[in-house]
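Reader: I would like to learn how to read salt bridges, helix packing and surface patches in a model. Please take them one at a time.

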Amino acid sequence: MGPADNDERPGETGPEDEGSRAGGTPSPSAEPAEHAAPADAPPDAMARPVEEPIAVAKGTPSHGAAANGSGNGSGNGHGEGAAAALWSAPDWDPAAQDPRPAALSAAAPSATAPSVGPPPVGPPPPHPPTPRSGPSAPAPRTHRWGLGAYLLVEAIFLGASLLISQLLATDGPPQASSLAIALATPTVLAAATALLITRLRGNGPVADLGLTPTWRDVGLGVAFGVGGLVVTIPASVLYVAVVGEDASSAVGDVFGDVSASVPWALVVFVIVVLVAPLCEEIVYRGLLWGGVERLAGPRAAFGVSTLLFALAHFEFARTPLLLVVALPIAVARYYTGRLTASVIAHQINNLLPGVALLLGLLGFVPLA
């Protein structure tokens, strides 16, 4: 037989192939190249499929080729190739256990089995944080001052007021500059002492007095301040109607006959509207409130601070009116639990008297 007679193109089948395919045996062309039978092999060897029980059981490359039908150019694809590979053992016993479940389980590893292969590329997945053991962070301690701290601050305020009045006393009419110093210095000194006490006997003014300005506190302070004006303005009109010509304030009596330049008039306005309310709130609804609250609770602090605030102005004829003025400010402190809202409410309450004092010092309206 010459080379031309035996030259078959890939994909073409001869008579022997047709007979083998009709008999139910796979075509030799479907076998991989390494399993092909030699040219001088007997027909019986060419008709029998290649034995690969080990490849089927262990999932070698030859089994993969047979299962996927990659080497069978004329077969029926994956199903036929897998069946031929699984049932190709010559000594197959019908009574033996079906090897397909074992082979399929070996070919498809379970989800719980450890993966075999190179490790994944990239950083390892983050681990959940390990809970810390040991004692938790200590809670802020309660302040340790009481009513004695307020009495000390009040004594400093009175002593500074008497000393400055003696130093600035003159035979002529008082000057606006001297009055501004006499008005601001004792109040600022008392508030500074109160802040120092909160630092030495507590956790500091921010933690113990609530000096943490937030937009909520600002809004509530404005609301309580405007609401307080709705109450205090009619109360002031009623007070003037009842008292008559003697109805006046200590600030009005002091600045009654004084005129000032624009800068000093603005300084007095800032002291009355901004500085004095801040300092008074630190002393009364800060230090005094904290000392009473530590002993008897917030309701007692509300009542005691309101009463002492009205009496501390030493205007006993105006004490009922000062009580009405102090109530909305104390409500702001009680409602928020911090000092910022009461400071803003107090500043709004002093706004109208401050404007009247400014206009009086500039000569636009009488103060007496």
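Author: The turns below treat salt bridges, then a helix pair, then a surface patch.

Author: This is a predicted model, where local features need pLDDT of at least 70, side-chain atom pairs count only at pLDDT 80 or more, and totals for chains, interfaces and linings use all residues. Residues are numbered from 1 along each chain as its sequence is written, and side-chain values use heavy atoms, with hydrogens and water left out.

Reader: Which parts do R338 and D217 tie together?

Author: Helices are DSSP runs (H or I, at least four residues), numbered from the N terminus. R338 sits in the loop between helix 14 and helix 15 (340-349), while D217 is in helix 10 (residues 215-243), so the bridge links parts 121 residues apart in sequence.

Reader: What separates R285 and E281 in helix 12?

Author: They are four residues apart, which means about one helical turn. R285 and E281 form a salt bridge, with closest N and O atoms 2.7 Å apart. Both are buried. R318 and E315 form another, at 2.6 Å. R318 is buried at 15%, and E315 is buried at 13%.

Reader: How do helix 13 and helix 14 cross?

Author: Axes are lines fitted to C-alpha atoms, for helices over the stretch in contact; angles run from 0 to 180 degrees between N-to-C directions. The axes of helix 13 (residues 298-311) and helix 14 (residues 319-336) come within 8 Å and cross at roughly 145°. Contact means heavy atoms within 4.5 Å. Residues that meet across the pair include F302 and L307 in helix 13, and L323 and Y334 in helix 14.

Reader: Which helix gives the most to the nonpolar patch?

Author: Patch residues have over 30% relative accessible area and no salt bridge; like charges are joined within 9 Å, nonpolar side chains (Val, Leu, Ile, Met, Phe, Trp, Tyr) within 5 Å. Helix 16 gives the most, with three residues. V355, one of the patch members, lies in helix 16 and is partly exposed at 33%.

Methods. Areas by Shrake-Rupley, 256 points an atom, 1.4 Å probe, with all protein chains shown as cover. Salt bridge = Lys/Arg side-chain N within 4 Å of Asp/Glu carboxyl O. Helix = DSSP H or I, 4+ residues; strand = E, 2+ residues; numbered from the N terminus. Buried < 20%, exposed > 50% of the residue type's maximum accessible area, 1.4 Å probe, protein only.
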